[in-house]
Amino acid sequence: MFENKSKEEATKEILNSVKEYYKKYMVKPEYKDGDRISYASRVFDEKEMMNLTDATLEFWLTSGRYTDQFEKQLGEYLGTPFVSLVNSGSSANLIAFMTLTSPLLKERQIKRGDEVITVACGFPTTVTPILQYGAVPVFVDVTIPQYNIDVTQLEAALSPKTKAVMIAHTLGNPFDLKAVKAFCEKHNLWLVEDNCDALGSEYTLDGKTYKTGTIGDIGTSSFYPPHHMTMGEGGAVYTRDPLLHKIIRSFRDWGRDCVCPSGVDNLCKHRFDKQYGTLPLGYDHKYTYSHFGYNLKATDLQAAIGCAQLEKIPSFVEKRKENFKRLRVGLEGLQDKLILPEAVENGNPSWFGFLITCKEGVDRTELVKKIEAANIQTRALFAGNLTRHPCFDQIRGTDAYRVIDDLSVTDRIMRDTFWVGVYPGMTDAMIDRMAKVIKESL
């Protein structure tokens, strides 16, 4: 097949074949009324498959040129200088938190027993690293219809042990960054933005508009298939701070002190002439560890897909906004039975989903059953109230965590709230059918 062909010619032929394969076998049939409407799905074309094949043929496998390209392009999109690709959004949250435990941060280092303000209404991996390290999450209630942290409770959550705030932008809707950032600056606290459900969301602060995830000290993203873009499994950690970036890379790359990328030796020209810890003078710097780290890198196969997806992000974000707006209009007139979502002031959400809270007299479970029976997928707002889950059974009632007030709004969301999708693969017909089914199910 490849006789008398150069490697470049053979590669081009293979990639053209992949392109034709996509067009013949991978294009989805048009939506027909009554077809299953998922809450999320991958949206891709031949470019992702060609990039993946190209990376496969190169067979570098671990992080390489596609990783470098992805980190650069994501940084340009977000407007932040330092991006580290990792293997999942959960790993991104783990690294973001663990970075703040580094002794390189001196008096601002988070130690075991220190407190981190967060919310119980969200996804567990925003909180898991805090608990597993031995710090103390302090749970604050949220608001409806924004579904984000109730900033009026921040001062009540503060104690002499508070070191950070770590919270997510719920389903693309930014939390009140103005209030939260001001609180963090007032009390010299770290701010970690879990941006896993909000890639492309924006927030205007002091007259300047930023992408969410870049206003705090560290931001995180997830590239799991339902998210704003995908590489199958994958995530990212980003920051504007060079020291935090150095620590992030160390925790991601086994805890190494060395900053040489994979496949590169002695970038600093001092691999064998320094002393670290109580190691012998000249011990190999490539195997010197300044943190108790992990290997949480993604592969170049994932990064190759991500590079193609990044090209589509602007159009994905706009389509999510259009779908959200169309569904919002389609559900007008139901405010006597349902609470519809609202964007935060100063925010421009890249919506991940459309949240709905049932008012008194409407049974959420029965409504969801009817919607699901009509072939429309629904989701709860993740954990609802994380502190009520079995993972808390062994620490419930202990000092492993604190709760501010009674989390009554969080409990209401657990009982009365659900959401449906607005992902960019949805057509107007799909959005209209969802609105029609929800109306008819009440």
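## Cysteines

Cys196 counts as buried, at 8% relative accessibility (buried is under 20% relative accessible area, exposed over 50%, partly exposed in between, with a 1.4 Å probe and protein chains only). Its closest cysteine sulfur, in Cys121, is 16 Å away, too far for a bond. Cys260 is buried too, with a relative accessible area of 3%. The sulfur of Cys260 is 3.6 Å from that of Cys258, the closest one, and again too far for a bond. A disulfide needs a pair of cysteine sulfur atoms within 2.5 Å. By this rule the count is zero.

## Model basis

This is a predicted model: local features need pLDDT of at least 70, side-chain atom pairs count only at pLDDT 80 or more, and totals for chains, interfaces and linings use all residues. Residues are numbered from 1 along each chain as its sequence is written, and side-chain values use heavy atoms, leaving out hydrogens and water.

Helices (H or I, at least four residues) and strands (E, at least two) are DSSP runs, numbered from the N terminus.

## Tyr289

Tyr289 lies in the loop between α8 (242-252) and α9 (300-330). Tyr289 is partly exposed, with a relative accessible area of 46%.
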